[in-house]
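Hello,

Here is the structure you asked to look at. Please open it beside this email and follow along; my notes are below it.

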Amino acid sequence: MTELTLDHIGGLIRDARKHRGLTQTQLASQLGTSQSAIHRIEAGNQNLSLDMVTRIAEALEQPIISLGAAGPTHLRVQGGNTLSGSIEVRSSKNAAVAVLCASLLNRGRTVLKGIARIEEVNRIVEVLTSIGVEATWSADRSDLTLVRPDKLDLDAMDVDAARRTRSIIMFFGPLLHAYDKFMLPYAGGCDLGARTIEPHLQVLRHFGLEVTATVGYYHSVVDPTVEPTRPITLTERGDTATENALLAAAMNPGVTVLRNASPNYMVQDLCFFLTKLGVQIDGIGTTTLTIRGVEEISTDVEYAPSEDPIEAMSLLTAGIVTNSELTITRAPIEFLEIELSILGEMGLDFTLSEEYESRNGHTRLVDITVRPSALKAPIDKIHPMPFPGLNIDNLPFFAVIAAAAEGTTTLHDWVYENRAIHLLEMNKIGANMQLLDPHRLRIVGPTRWRGYEIVCPQALRPSVCILLGMLAARGESVLRDVYMINRGYEDLPNRLNAIGANIEVFRD
């Protein structure tokens with residue numbers, strides 16, 4: 001073992017201990033050693049045998065290292081438990097990846113505070129570091145510092161990491177300012193059906209970008225003489241298309257007007273971050289954005305992405321489906337009001353705290369307490385709409401909630417043609433869901449949830465929905481290959497265990 005390896009393993013042990021809520025003294029007691037020995041191990045100053053690493057991993061109930069290729073991670077759920085207490089909403093996945101991509105605009109030092117430690121973030125960080133960006137986590141891994149070089153090495157891009165995230169398409173906006181020609185790998189992410197990037201390209205053509213798709217790559221050519229001469233109207237009010245337009249406009253020294261722009265939570269976070277970089281943006285939170293860009297950005301900046309409304313909805317659903325009294329703290333209320341209104345009509349008993357401010361200085365937060373309730377199916381179908389309507393990523397959680405309610409509910413997901421199909425996996429744990437067409441589900445409740453073994457579908461939100469149903473199912477369930485959940489949620493099993501769930505993380 002080299003000193004670097006010891007330091008790295010020490011950091012993994014420290015992070016795992018903190019995740020378990022243990023002090024160094026408590027861990028030392030379990031291992032029959034001293035607090036000072038644990039301190040030396042975590043600092044990378046103690047030689048370690050494989051036996052000691054194994055003992056530490058067993059004490060922390062979490063693998064520290066693996067020999068050879070690591071297998072997929074699975075979850076074993078002992079369901080039927082009532083949850084209680086409170087659980088905090090972590091920072092937003094979608095805001096994090098947008099701000100990570102935006103860091104490419106800045107020649108100064110970017111510090112992202114409280115950023116979500118999830119696989120989607122890991123993939124973007126891997127891509128950034130592969131092209132030359134210096135990325136450094138704080139000692140407690142809560143803050144990430146990014147410093148980009150004068151010249152990026154795009155030829156060295158980690159293609160495997162890039163293809164495992166759809167967020168790579170948000171490199172178009174920053175890179176068109178620096179290169180006349182560049183390539184990006186095809187975007188990956190969830191299997192939600194046909195997801196064209198044409199809305200992105202329609203916007204970015206106004207900034208001189210032309211893209212040709214070949215086998216596995218987008219080939220981009222930029223005409224630097226082209227810039228917007230009139231307001232740009234997005235043909236689709238997409239979140240990432242709006243973000244790409246913002247990233248392109250940020251370094252266009254003129255005035256760019258975006259119409260039919262998304263005002264959703266991650267777009268607002270990106271706007272707040274760009275204003276810290278010196279970009280002037282009017283109309284944040286509306287569908288018309290006026291951007292006054294700058295020719296160069298080189299500033300030291302700190303920013304804390306706001307809390308995730310989709311995670312908040314996930315945790316609300318956990319309380320509802322297990323018939324528990326549970327408080328979800330730091331919930332971004334502005335992006336949950338329609339969802340709560342529908343739940344109120346269905347009979348959910350809940351209360352809200354007074355509002356307070358997120359660490360980004362803008363987003364309004366509340367604490368939401370849900371209580372056991374006799375839910376009734378809504379009279380009308382449930383369908384998403386662009387903000388301020390019901391969020392498309394929150395719609396799947398209503399499938400779980402409808403399965404727990406009395407009566408028949410129709411869900412209409414007009415955006416994605418595959419996500420409703422993925423939700424049918426919940427029938428294996430007792431739900432009564434019928435696919436009317438690729439976009440519509442009919443759900444009959446209430447459900448007598450039962451344990452079963454399921455492989456995670458290749459979609460984030462349906463995978464989490466299955467896990468939430470398993471929390472309510474009596475007996476044992478197994479959810480296999482949970483990478484999809486880890487894409488968007490940080491340490492979700494242990495966090496749920498802290499409020500009464502019984503979830504074991506294991507590998508084959």
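Predicted model: local features only at pLDDT ≥ 70, side-chain atom pairs only at ≥ 80, totals over all residues.

**Strands and a helix pair**

The strands come next. Strand β11 covers residues 280-282 and is joined to β12 by 3 bridges, with the two strands running antiparallel. β11 and β12 make a hairpin, and 5 residues lie between them. In that turn, Gly-283 has a positive phi of about 90 degrees.

β12, residues 288-292, also pairs with strand β10, residues 255-259. That pairing is antiparallel too, over 5 bridges. Within it, Arg-259 has Thr-288 of β12 as its bridge partner. As background for looking at any of these strands, side chains in a regular strand alternate between the two faces of the sheet.

Now the helices. How do the axes of α10 and α11 cross? Helix α10 (residues 239-249) and helix α11 (residues 265-276) have axes that come within 9 Å and cross at roughly 15 degrees. Angles under 35 degrees count as roughly parallel, so α10 is roughly parallel to α11. The crossing of α10 past α11 is right-handed.

Which residues meet there? From α10 they are Asp-239, Thr-242, Glu-243, Leu-246 and Leu-247, and from α11 they are Met-266, Val-267, Leu-270, Cys-271 and Leu-274. The residues of this contact between α10 and α11 divide into 7 nonpolar, 1 polar and 2 charged.

Regards

Key
Residues numbered from 1 in each chain as written. Heavy atoms only, no water. Pairing = 2+ DSSP bridges. Helix = DSSP H or I, 4+ residues; strand = E, 2+ residues; numbered from the N terminus. Axes fitted to C-alpha atoms, helices over the stretch in contact; angles between N-to-C directions. Parallel < 35°, antiparallel > 145°, perpendicular 65-115°, else oblique. Left-handed = near helix turned anticlockwise from the far one by under 90°. Contact = heavy atoms within 4.5 Å. Nonpolar A, V, L, I, M, F, W, Y, C, P; charged D, E, K, R; others polar.
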